[in-house]
Amino acid sequence: MFPRPTPVPPPEERALVHPDVDRAFIGALVRDFYGRVRADARLGPIFAAEIQGDWNPHLEKMTDFWCSVILKNGAYSGRPVPAHVRLKQVQESDFDIWLGLFRQTAEARCPPGVAEIFIDRAERIARSLKLAMFFRLERPSAG
Ligand code: HEM
């Protein structure tokens, strides 16, 4: 009566994005990306206000996150939406800067065909974060 859920193949049967794309690759990409973010005039101060001192816990968390997204290995179990909704200084246009830096990093580091996969995922997730952060139904005007 109900459609059966598509069975999820065990990890060893899932197609690899690319043989070079493993946790070490993703960790290096994440570190390169956040190096660019920290050097950016607009995003740098936003992150500096949130992450004081040791960046490693954030970089490891983001490596887990991207491993979950790309390798589908379940490494990340956090909640991105509340982590961003509380960032009151972030504007919608900041996501264009974030995505531009992410695109530059992915294109610089990825084997052929792989940057597009990272960028596509980042754009989809950015869209849902932006909806959670900025979408408001217009209130009907009084009177
Ligand atoms: C202008 C855009 C963005 C800004 C300013 C921003 C900023 C931040 C900050 C300050 C944190 C908290 C760092 C910490 O305390 O560990 C964070 C966490 C995080 N961000 Fe973003 N972010 C942006 C866009 C994105 C996008 C597009 C993604 C995904 C594609 C993303 C994924 C994450 C994840 C997974 C976390 C960890 C959440 C958790 O589990 O605590 N962010 N972000």
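What follows is a chat about a predicted model of a protein chain with a ligand.

User: Quick one to start: how many helices and strands does the protein chain have?

Analyst: The protein chain comes to six helices and zero strands. Since this is a predicted model, take that as computed from the predicted coordinates. From the N terminus on, the elements run α-α-α-α-α-α.

User: And what share of the residues is buried?

Analyst: Buried residues make up 34% of the 143 residues in the protein chain.

User: OK, on to the ligand. How many residues surround it, and which are the closest?

Analyst: The ligand is surrounded by 22 residues. F47, H58, K61, Y76 and H84 are the closest.

User: What does the iron atom of the ligand get as a protein donor?

Analyst: H84 is the only protein donor of the iron atom, through NE2 at 2.0 Å.

User: Where does H84 lie?

Analyst: In helix α4, which covers residues 80-85. The side chain of H84 also has an N or O atom 2.8 Å from a nitrogen atom of the ligand.

User: What about oxygen atoms of the ligand, say with the side chain of K61 or Y76?

Analyst: Both give a distance. For Y76, an N or O atom in the side chain is 2.6 Å from an oxygen atom of the ligand. For K61, an N or O atom in the side chain is 2.9 Å from an oxygen atom of the ligand.

User: Switching to charges. How many salt bridges does a search of the whole structure find?

Analyst: The search finds 11 salt bridges. D32 takes part in one with R36 and in another with R109.

User: How far apart are the closest N and O atoms of D32 and R36?

Analyst: They are 2.8 Å apart. D32 and R36 both lie in helix α1, residues 23-39, and they are four residues apart, about one turn of the helix.

User: And D32 with R109?

Analyst: There the closest N and O atoms are 2.9 Å apart. That pair links distant parts of the chain: D32 is in helix α1, while R109 is in helix α5 (residues 94-109), 77 residues apart.

User: Is D32 buried or exposed, then?

Analyst: D32 counts as buried because its relative accessible area is 18%, and the cut-off for buried is under 20%. R36 is partly exposed, with 26% relative accessibility. R109 counts as partly exposed too, at 35%.

User: What does D120 form a salt bridge with?

Analyst: With R121, the closest N and O atoms being 2.8 Å apart. Salt bridges that share partners also join R23, R31, E60 and D64 into one network.

User: How accessible are D120 and R121?

Analyst: D120 is partly exposed, with a relative accessible area of 28%. R121 is at 28% relative accessibility, so R121 counts as partly exposed as well.

User: Let's talk surface. Which residues make the nonpolar patch?

Analyst: L131, F135 and L137 make a nonpolar surface patch of about 370 Å². L131 sits in helix α6, residues 115-134.

User: Why does L131 count as exposed?

Analyst: Because its relative accessible area is 53%, and exposed means over 50%.

User: Now the loops. Where is K72?

Analyst: K72 is in the loop between α3 (56-71) and α4. A polar atom of the K72 side chain lies 3.4 Å from the backbone oxygen of V69. K72 is partly exposed, with a relative accessible area of 46%.

User: What separates the C-alpha atoms of Q89 and I46?

Analyst: A distance of 7.4 Å, although Q89 and I46 are 43 residues apart along the chain.

Terms used:
Residues numbered from 1 in each chain as written. Predicted model: local features only at pLDDT ≥ 70, side-chain atom pairs only at ≥ 80, totals over all residues. Heavy atoms only, no water. Patch = residues over 30% accessible without salt bridge, like charges linked within 9 Å, V, L, I, M, F, W, Y side chains within 5 Å. Areas by Shrake-Rupley, 256 points an atom, 1.4 Å probe, with all protein chains shown as cover. Salt bridge = Lys/Arg side-chain N within 4 Å of Asp/Glu carboxyl O. Helix = DSSP H or I, 4+ residues; strand = E, 2+ residues; numbered from the N terminus. Buried < 20%, exposed > 50% of the residue type's maximum accessible area, 1.4 Å probe, protein only. Near = heavy atom within 4 Å. Polar contact = N/O pair within 3.5 Å; in protein donor to acceptor, adjacent residues only side chain to side chain. Donors = N, O, S within 2.8 Å, 3.2 Å for Na, K, Ca; no water.
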